[in-house]
Amino acid sequence: MKNILSIFILPLTFSGFLSAPIAAGEPAAIQNPFQEALDIGYLGRPKVPLGEDLASPFANAHPEEQRYYALLYYSQYGIAPFVMKAVPKGGDGSQPGREIVVWNDGTRGAEPVDKRVPKPTDAQGFPLWFDGSIGEQAIGRLVSELLNQNKTAQLDHLFDDWSDSGVRTADGRWRLAIYQQSVKDILQPGANWEVVHQIITDWRKASPKSRAAAFAETIYWMQYAWLARGDGYANSVTDDGWRLFGERLDKAKTLLLEAQSYAGNNPLWRRLMVEVGLYSNWPHENLLRLANDATTREKTFEPTYMVMVTALEPKWGGDWADVDAYIRAVQKDTAAVAGQEFYTRLYLDIADSSRFDTDLFTDTRAQWPLMKAGFEDMMRAYPHSGTNLNLFAVYACIANDAETYRHVRWRLGKEADATLWPSNHSLDLCDHKYGGPPI
């Protein structure tokens, strides 16, 4: 089949990862699974660490283990992402070099090298793999590859696993949310819309009650609506653009209603319906009623809250007072299971969606003491996420909390990732302002 996808490829070179010890401030109760070689079954052998700092509890500090885990994880859904390939013989007559790991181009077999896939958590039950945007791209590529290779039965299997197991990424996100984003990423301007639609149509005929297929078709029509509208301001949209936008959103709504009998209990169903309502300019009270129904069924599905926060923002006709009241209500409703986590996550979503153009502590009603408490709860729940700890340091710097910054920055050590820091509060600037750990 014609390859219709342009997707992220993980770096696959073997290189040791050296980092500074992270001892100061590390919660004593957290066991570090990287202190010893992880038996992840690659080619039937335990994985031997290749130069990583074994004191680091963060998943992204151990890239080789993550790559091998991804190999096994992909293989259980019929995809062989990595294969061994011999280095070609040199032109000077030298012997071929060692074997290297390369991305499978589809011409090689997809049989898993080992049926044993380790648990996605450490011994204490904390999520271990796929941290941050790199992790999201890695796991999202599995969705893309399954669609690209028309392996819809395996995609149904994957969707059911992500829906029903409650397994999170290392930074605490539902993998189910990554399913929606992965399908959206396929359907961007320049995509072969006809080919994608045919794949989904064939899938739905083969599996009429497939939740994954019903949601994929819904996402297709939502993205197709935005293709007609364009991504400019409302006053730049043509009359024909508005007409097609509305017609295609109505199609998405109809698909969701038709799938409600067999997919309505899935958290993604109500998230998508709230999103359709937002784009269709439903009254806020209608959106809130639908969102409240959704979150009553599943309190920890953050993506539904995210859509409602967007609906209440000033750019959608709301105001920051309404946003803050809603976020506080969500935090109170989820406190028994997540503490202050959702207060922090939802304000982080606001900053992320604006690409840091929104200053949370001046433009909105976010309060640093509450965000700090949320970060602390996030790190207790997801101790293997260097992404969350980086963001903790970022916002400590933005909030001018020198003591917290130095404490968190020390824990990060060389795991500080400058790409996660905004340009006006860069890692370099914050370290100069408050002092980073010794290198």
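**Note on salt bridges and a buried serine**

1. E145 and R141 form a salt bridge, with their closest N and O atoms 3.6 Å apart; the term denotes a side-chain nitrogen of Lys or Arg within 4 Å of a carboxyl oxygen of Asp or Glu. The two residues are four apart in helix α2 (residues 132-148), and so are separated by about one helical turn. Helices are DSSP runs of H or I of at least four residues, numbered from the N terminus.

2. The model is predicted: local features need pLDDT of at least 70 and side-chain atom pairs count only at pLDDT 80 or more, whereas totals for chains, interfaces and linings use all residues. Residues are numbered from 1 along each chain as its sequence is written, and side-chain values use heavy atoms, with hydrogens and water left out.

3. E145 is buried at 8% relative accessible area, and R141 is buried at 8%. Buried means under 20% relative accessible area, computed with a 1.4 Å probe on protein chains only.

4. By the salt-bridge rule the count comes to 16. One of them joins D431 and R409 at 2.9 Å, N to O. This pair links distant parts of the chain, 22 residues apart: D431 lies in helix α16 (residues 427-434) and R409 in helix α15 (residues 402-412). D431 is buried at 18% relative accessibility, and R409 is buried at 4%.

5. Salt bridges with shared partners join E136, D171 and R173 into one network. Within this group, R173 meets D171 at 2.9 Å, N to O, and D171 is buried at 5%.

6. S56 lies in the segment before α1 (63-75). S56 is buried, with a relative accessible area of 0%.

Methods: Buried means under 20% relative accessible area, exposed over 50%, partly exposed in between (1.4 Å probe, protein chains only).
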